[in-house]
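Here's a quick walk through one model, strand by strand and helix by helix. Have the viewer open while you read.

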Amino acid sequence: MLVIENCRLSWPDFKADYSLKVKNGTLCAVVGPSGGGKTTLLHMIAGFETPKSGQLTFNGKDLLSLPPAERPVVIVFQDHNLFPHLTAAENVALGLRPSLRLTGAEKAVVSEMLEAVGLKGFDLRRPGDMSGGQRQRVALARALMSCRPLILLDEPFSSLDPHLRRSMIRLVDELRRERAITIIMSIHTPDDVEGIAEQMAFVANGKVIATGTPPEILNGPYAVDIAALASDP
């Protein structure tokens with residue numbers, strides 16, 4: 001289980017104080033207004049932001065004492081962060097072996113991972129030759145290849161059209177169920193995860209204001225505020 005208890009961060013123009021629990025194997029959708037602290041929460045879990053106080057543990061292990069590379073966490077950003085000069089297979093292989101010195105068996109595993117995200121035969125394509133949805137699938141495959149038990153998705157599909165966005169969310173759900181991975185995904189369109197995510201956290205003003213099942217959050221006291229998110233710039 002991921003446990004966040006009173007993790008406080010502070011800047012001149014923004015303060016945050018997070019508390020949240022997410023059970024293993026759960027898909028937790030993080031929703032909230034732009035600038036409310038969703039990305040900061042994910043960055044803190046990943047180790048890119050350090051709280052001044054509080055506790056952050058995963059399966060009982062303290063994460064705050066670990067640098068990002070040593071945490072059981074991988075993060076996928078909205079702009080996917082693929083290397084344009086590398087092929088899809090090479091970008092995915094970075095999650096397995098950063099040196100890219102792969103054995104034949106490891107190359108086969110990379111191809112299998114590309115197939116798992118619907119990109120069979122895309123091994124030699126470069127990011128510039130793929131659509132936005134295909135590039136995000138490569139980024140997702142790279143995250144899965146790392147074999148980290150906790151994956152953070154920072155609004156990874158917001159630039160995609162509604163049909164493709166929902167397709168990607170269903171793919172994420174299918175893969176995390178197959179691999180028993182915990183997923184925390186910030187999303188700008190809460191309705192897209194209803195019926196898929198088991199947990200939803202509403203984040204605003206640097207705090208987890210409410211958490212529960214998607215129906216509880218989408219129909220609860222903050223329903224009007226959440227319904228307005230899709231129209232935010």
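## Strand 9 and onwards

Gln199 sits in strand 9 (residues 199-204). This is a predicted model, in which local features need pLDDT of at least 70, side-chain atom pairs count only at pLDDT 80 or more, and totals for chains, interfaces and linings use all residues. Residues are numbered from 1 along each chain as its sequence is written, and side-chain values use heavy atoms, with hydrogens and water left out. Helices (H or I, at least four residues) and strands (E, at least two) are DSSP runs, numbered from the N terminus.

Back to Gln199: with a relative accessible area of 11%, Gln199 is buried (buried is under 20% relative accessible area, exposed over 50%, partly exposed in between, using a 1.4 Å probe and protein chains only). Setting aside neighbours within four places in sequence, Gln199 has contacts (heavy atoms within 4.5 Å) that include Leu20, Val22, Leu27, Cys28, Thr211 and Pro214.

Strand 7 (residues 150-154) is mostly covered, with 5 of its 5 residues buried. In a regular strand the side chains alternate between the two faces of the sheet. Here both faces are covered: Leu150, Leu152 and Asp154 are buried on one side, and Ile151 and Leu153 on the other.

Which strands does strand 7 pair with? Strand 6 (residues 73-76) runs parallel to strand 7 and is joined to it by 4 bridges, and strand 8 (residues 182-186), also parallel to strand 7, is joined by 5 bridges; two strands pair if DSSP finds at least two bridges between them. Ile151 is a handy landmark: Val74 stands opposite Ile151, and the bridge partner of Ile151 in strand 8 is Ile183.

**Helix packing**

Helix 1 (residues 38-46) is largely enclosed by the rest of the structure, because 8 of its 9 residues are buried. Among those buried are Leu41, Leu42, Met44 and Ile45. Just after helix 1, Gly47 takes a positive phi of about 105°.

Axes are lines fitted to C-alpha atoms, for helices over the stretch in contact, and angles run from 0 to 180 degrees between N-to-C directions.

| Helix pair | Angle | Axis distance |
|---|---|---|
| Helix 3 (residues 104-116) and helix 4 (residues 132-145) | about 130° | 9 Å |
| Helix 4 and helix 5 (residues 162-179) | about 15° | 11 Å |

Helix 4 is therefore roughly parallel to helix 5, whereas helix 3 and helix 4 are oblique to each other (under 35 degrees counts as roughly parallel, over 145 as roughly antiparallel, 65 to 115 as roughly perpendicular and the rest as oblique).

Val109, Val110, Met113 and Leu114 of helix 3 make the contact with Val138, Ala141, Leu144 and Met145 of helix 4. That contact has 8 nonpolar, no polar and no charged residues (Ala, Val, Leu, Ile, Met, Phe, Trp, Tyr, Cys and Pro count as nonpolar, Asp, Glu, Lys and Arg as charged, and the others, Gly among them, as polar). On the helix 5 side, Gly133, Gln136, Arg137, Leu140 and Leu144 of helix 4 meet residues including Leu164, Met168, Leu171 and Arg179. The contact of helix 4 with helix 5 has 7 nonpolar, 3 polar and 2 charged residues.

Most residues other than glycine have a negative phi. Asn6, a non-glycine residue, has a positive phi near 50°, and Asn6 lies in strand 1 (residues 2-11). Glu155 has a positive phi near 40° and belongs to the loop between strand 7 and helix 5. Buried or partly exposed? Asn6 counts as partly exposed at 38% relative accessibility, while Glu155 counts as buried at 15%.
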